[in-house]
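Please look at the sequence and the model shown here.

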Amino acid sequence: MNPHEDGAKRTVPAMVVKVLTHRREDRGMRLEEFTSRCVRVGEVHELVTTDQAGSAPGARIDRVGFLGFAEIQGAGVIDRGDELWADGRLVGTVLGFDSCHFPNHYNVLIAVDALVTGPDLDLRPETAVSFRQATADTRTEAMDGHTGVVDSRTDRVDGRTARADRPVAARS
């Protein structure tokens, strides 16, 4: 998101249609230069975690954990920096996109502290996921390096407030 150009936007809801269970250290995805992608209702895209958060556009992304495929439930725009939420828990932040399978689907790359897969997050078919615009005033206290589950009702992890720049990696 570019705060000098981008205003508010709606959340993009989606639903898991297939869970993936594997990790790779040699995937060879390419981080596209585009910072946003428009998505339509009914499209299916792959959700992939990576711990290569500092990567620049064009970079090779090798270390990945596969979450699964999700069907878009409401059209919208997914931007680099948006938060991915699954079943009310913050998973990570959109790093960008890989288009090696396009036009079939995009790989939506999610920056996380540690690679996770679908089972690590207890994802199942029909699990609700959403892409939410990050805001500067959300989750401002440090988590002291803890990675746990965010309670969506309180935005708290084990009694501490989560930070948007420290995504939740997996269940504790």
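The paragraphs below take the strand and its pairings, then the loop residue.

This is a predicted model, in which local features need pLDDT of at least 70, side-chain atom pairs count only at pLDDT 80 or more, and totals for chains, interfaces and linings use all residues. Residues are numbered from 1 along each chain as its sequence is written, and side-chain values use heavy atoms, with hydrogens and water left out.

Strand S9 covers residues 83-86; helices (H or I, at least four residues) and strands (E, at least two) are DSSP runs, numbered from the N terminus. In a regular strand, side chains alternate between the two faces of the sheet. Glu83 and Trp85 point one way from S9, Leu84 and Ala86 point the other way, and all are buried (under 20% relative accessible area, with exposed over 50% and partly exposed in between; 1.4 Å probe, protein chains only).

S9 runs antiparallel to strand S10 (residues 89-98), joined by four bridges; two strands pair if DSSP finds at least two bridges between them. Ala86 has Arg89 as its bridge partner in S10. The two strands S9 and S10 form a hairpin with two residues between them, and Asp87 in the turn has a positive phi of about 50°. S9 is also joined by four bridges to strand S12 (residues 128-132), again antiparallel, where Ser130 is the bridge partner of Trp85.

Ser55 lies in the loop between strand S5 (44-50) and strand S6 (60-61). Is Ser55 buried or exposed? Ser55 counts as buried because its relative accessibility is 18%. The Ser55 side chain reaches the backbone oxygen of Gln52 at 2.8 Å. Leaving aside neighbours within four places in sequence, Ser55 is in contact (heavy atoms within 4.5 Å) with Leu31, Ile61 and Leu95.

Note on methods: A polar contact is a pair of N or O atoms within 3.5 Å; within protein, one must be able to donate a hydrogen and the other to accept it, and residues adjacent in sequence count only if both atoms are side-chain atoms.
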